[in-house]
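Here are my notes for you to read beside the model. Please keep the structure open and find each element as it comes up.

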Amino acid sequence: MSMRIDITGLRRERVAVVPSPLAELGMALHVLAEPGHHPGRQGWVTGVTARLDAHLADRMCEADFLWRTTFSDLFMPFAGIPGREALPGETLADDLDLLDKLTEQQFADAGMEFVCTPGYDSQARGVLSDPDRRGLALELAAARGPRQLRFARRLLADPPGVRAWLRQFLEDCDEAFFAETWSRLHHSLAADARHKTELLRRKGLAEALAAVSPSITLDGVEGAGRITVDKLVESRTATADGGLLLIPTSLGRPHLTVLHRYGWQPVIQYPVSAAEPAAPPSVEQLALRMTALSHPVRMRLCRNLARSAYTTGELAQMHGMTPPEISRHLAVLKKAGLLTTRRRGRYVLHQLDVAVVARVGSDFLEGVLR
C-alpha cells in the first residue's frame, strides 16, 4: 500500500519547501491530545499542560477530533486556494487569513473530514450542496459520538460561525503557548527548508525527496513520473496544473502526512530532527516480518536461533522435521531480514537477528502512525 502523487508536467520551480505556523500549531494540538504518539515530547507536553488555562483546556476538547484522530486540512488552507500555487504565510495571522479565503464549501468539507465520507480524493459534491452526502456525514458523525454530532450539525448549519470560532480558538492557543513554541522552532524549520531547497536546486527532486524521508521515492523523472509515499494507505492525487508543497515539522515525528484532497495542492508534511533518521522498513517488509514470526514452527525455530547459531541439519534433528522443511521456514525468516548466516567450513550457520526482531513492535507502531 502507498500514496502516489502524479507529478506529470510539474516544473521544479513549482516545488516549494516552506514552514507553516498553522500546520505546526495543528501538530502541536495533536501532540497535546495524543502524547503517547510522541514520547520524545513528554517534557514539552507536561510544561504546556501545567500552565494551560482551564477554560482553554476545556475548549481544546470541543473539536479535538480535528487534530487527534485526523490531521484536518483546515490546518493547511493554503493548499486549497484557487490556482493551487499559494504558499503558507510567514506568521500565524497570515495563515489564518488564508483560512478565511476558503469558500464555505471548502471549509465545510475540510471540517467534516473526521467522518471519512467517500470522495476525499475524487470529484464529489460537497456536504453543503448534496443532501445525500450531508445525511451520510451526520449519520457517521453520530456513530463517532455526541461531540462529533454537535460539531457536525453546527458546521453544516453555520459555516461562518464555526470558522470564526476556530480562528478565535487558534489565536487563543497562540497566545497561551504556541507563540513561545514557534519562536523556538521556526529557525530550525527555516534552516531545514533552505537545506532541502538547495538540494532541490543542485541535485534535483529525487535527492530532495530522499532527504525529506527514506519512505518517499520518485518513480520516473521530474515532470513525468510520480512520487510514492510508503504508508498504510492506498490513495492517489496529482499536482496537475499546480505545485507541490513540502512542509517541515519539528513536533510531528513519527507522522509523515500527505494532503491529497481532490482539487487541492498536494502537501507532504515531514518530521525533521538534528540527526539523520534511520531508514524505516517499508510496509511490505514490515508485513513480511510479522507474517514470518506468526507461524508456530518458525516461532519455535526462533527460540533456538535466538540463543545460538545452528545448521539446517541440527534444527531438523531438534524439531523432528526434514532438512528441506526446515530450509523452507528459514528461507521465509531470511527473506524478512530476521536471520544472519555465516559459513564455518562446509557448514552454514543461521542465527536470529535479535536487534531486528526487537524493533518489530516499534517499527509496526511507526508504520501505522506514519
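1. Leaving aside its neighbours within four places in sequence, which residues is serine 250 in contact with? Keep in mind that this is a predicted model. Serine 250 is in the loop between E6 and strand E7 (257-259). Its contacts, with neighbours within four places in sequence left out, are Glu24, Arg41, Leu185, Ser188, Leu189 and Val272. Is serine 250 buried or exposed? Its relative accessibility is 10%, so it counts as buried. The cut-off for buried is under 20%.

2. Check both faces. On one side sit Leu244, Leu246 and Pro248, all buried.

3. Trace the partners of E6. Strand E2 (residues 15-17) pairs with E6 in the parallel sense, over three bridges. Valine 15 stands opposite leucine 244. Valine 17 has leucine 246 as its bridge partner in E6. E6 also pairs with strand E8 (residues 267-271), again in the parallel sense, over five bridges. There, isoleucine 247 stands opposite glutamine 269.

4. What lies across this sheet?

5. What is its strand order? The order is E3-E4-E1-E5, in an open sheet of four strands with mixed pairing. The edges are strand E3 (216-219) and strand E5 (235-238). Each of them has a single partner strand, so one side of each lacks a neighbour in the sheet. From one strand to the next, the twist averages 20°.

6. Inside that sheet, strand E1 (residues 3-6) and strand E4 (residues 226-229) run antiparallel. Four bridges join them. Methionine 3 has valine 229 as its bridge partner in E4. Helix H9, residues 205-212, lies across E3 and E4. Its direction is about 160° to E3.

7. Next, follow helices H11 and H12. H11 covers residues 296-305 and H12 covers residues 312-319. Their axes come within 11 Å and cross at roughly 120°. That makes H11 oblique to H12. The crossing is right-handed. From H11, the residues that meet H12 are Arg300, Leu301, Asn304 and Leu305. Their counterparts in H12 are Leu315, Met318 and His319. The residues of this contact divide into four nonpolar, two polar and one charged.

8. H12 also meets helix H13, residues 323-335. The two axes come within 9 Å and cross at roughly 110°. H12 is therefore roughly perpendicular to H13. This crossing is right-handed. Thr312, Leu315 and Ala316 of H12 meet Pro323, Ile326, Ser327 and Leu330 of H13. How many of the residues in this contact are charged? There are no charged ones; the contact divides into five nonpolar and two polar. Notice Leu315: it is in the contact of H12 with H11, and it is in the contact of H12 with H13.

9. Finish with glutamine 106, in helix H5 (residues 104-111). Why does glutamine 106 count as buried? Its relative accessibility is 17%, and buried means under 20%. Neighbours within four places in sequence aside, glutamine 106 is in contact with Gly80 and Trp264. Arginine 253 is 147 residues from glutamine 106 along the chain. Their C-alpha atoms are separated by 28 Å.

Key: Residues are numbered from 1 along each chain as its sequence is written. This is a predicted model: local features need pLDDT of at least 70, side-chain atom pairs count only at pLDDT 80 or more; totals for chains, interfaces and linings use all residues. Side-chain values use heavy atoms; hydrogens and water are left out. Axes are lines fitted to C-alpha atoms, for helices over the stretch in contact, and angles run from 0 to 180 degrees between N-to-C directions. Helices (H or I, at least four residues) and strands (E, at least two) are DSSP runs, numbered from the N terminus. Angles under 35 degrees count as roughly parallel, over 145 as roughly antiparallel, 65 to 115 as roughly perpendicular and the rest as oblique. A crossing is left-handed if the near helix is turned anticlockwise from the far one by less than a right angle, and right-handed if clockwise. Contact means heavy atoms within 4.5 Å. Ala, Val, Leu, Ile, Met, Phe, Trp, Tyr, Cys and Pro count as nonpolar, Asp, Glu, Lys and Arg as charged, and the others, Gly among them, as polar. Buried means under 20% relative accessible area, exposed over 50%, partly exposed in between (1.4 Å probe, protein chains only). Two strands pair if DSSP finds at least two bridges between them.
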